[in-house]
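Reader: I have a model to look at. Please take me through the terms as they come up.

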Amino acid sequence: MRSTAAVIAIALCHVPPAHSQIKAQERVGVGVTPAARNVTHVTPADVARALRGISAEANGVIFDAPPDGHAQFLLNRRSQPSRVERHRDWDDIVIVRSGTGELRYGSIVDGDRAFGRGERRDGTIRRPAIAPLAVGDVVRVPAGVAHQVVPTSADALVYLVVKVRRGLP
């Protein structure tokens, strides 16, 4: 099941299996447990193919989710600010690939609205903290924290988002 948190922008396109499932017995060398079947590997070639596949009107791509539904992978390309979003069940890990920008985040949002189960969108973050974003940066946004990505250069800001579901057993 794909969470509405995965749809960060109005125009996202889907890339069919751009990642590969690692054969657990090849990597782990021990018996294959049900959890080991959910190891997911997104290669640089997968990311490059996804970048080539982003249409001009789209803001990114969504990779196929691992079978257990506990993670999601999105590749975003922004030349305009994202919508403000807050999700109850997902931590976001942002990895910047190119461009520069800011991550604006905070606890209080004015004018947001419900957007699916456990999601809120839009509005304005009141007195946001600002983290500058540059190539190679890795930022974790915990579930429950409102956030917005804002490009700050003429070049598009390209970043991978790994969403990890909270409350795993």
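Author: Start with contact: heavy atoms within 4.5 Å. Among contacts in the protein chain between residues at least 6 apart in sequence, 75% join residues at least 24 apart. This is a predicted model, where local features need pLDDT of at least 70, side-chain atom pairs count only at pLDDT 80 or more, and totals for chains, interfaces and linings use all residues. Residues are numbered from 1 along each chain as its sequence is written, and side-chain values use heavy atoms, with hydrogens and water left out.

Reader: What makes a residue count as buried?

Author: Buried means under 20% relative accessible area (1.4 Å probe, protein chains only).

Reader: Why is a set of residues called a nonpolar core?

Author: Because its members are buried Ala, Val, Leu, Ile, Met, Phe, Trp, Tyr and Cys residues, joined through side-chain atoms within 4.5 Å. The largest one here has 13 residues. Leu103, Leu133 and Val139 are among those with the most contacts inside it. Strand 16 gives the most to this core, with three residues. A strand is a DSSP run of E, at least two residues, numbered from the N terminus.

Reader: Which residues does Leu103 touch?

Author: Not counting residues up to four places away in sequence, its partners include Leu133, Val139, His147 and Val149. Another core, of 11 residues, lies apart from the largest one, with Phe63 and Val158 among its members.

Reader: How do you know that the charge of Arg83 sits over the ring of Phe115?

Author: The rule asks for NZ of Lys or CZ of Arg within 6 Å of the ring centre and within 35 degrees of the ring normal. The charged end of Arg83 is 5.2 Å from the centre of the Phe115 ring, and it counts as sitting over that ring.

Terms used: Buried < 20%, exposed > 50% of the residue type's maximum accessible area, 1.4 Å probe, protein only. Helix = DSSP H or I, 4+ residues; strand = E, 2+ residues; numbered from the N terminus.
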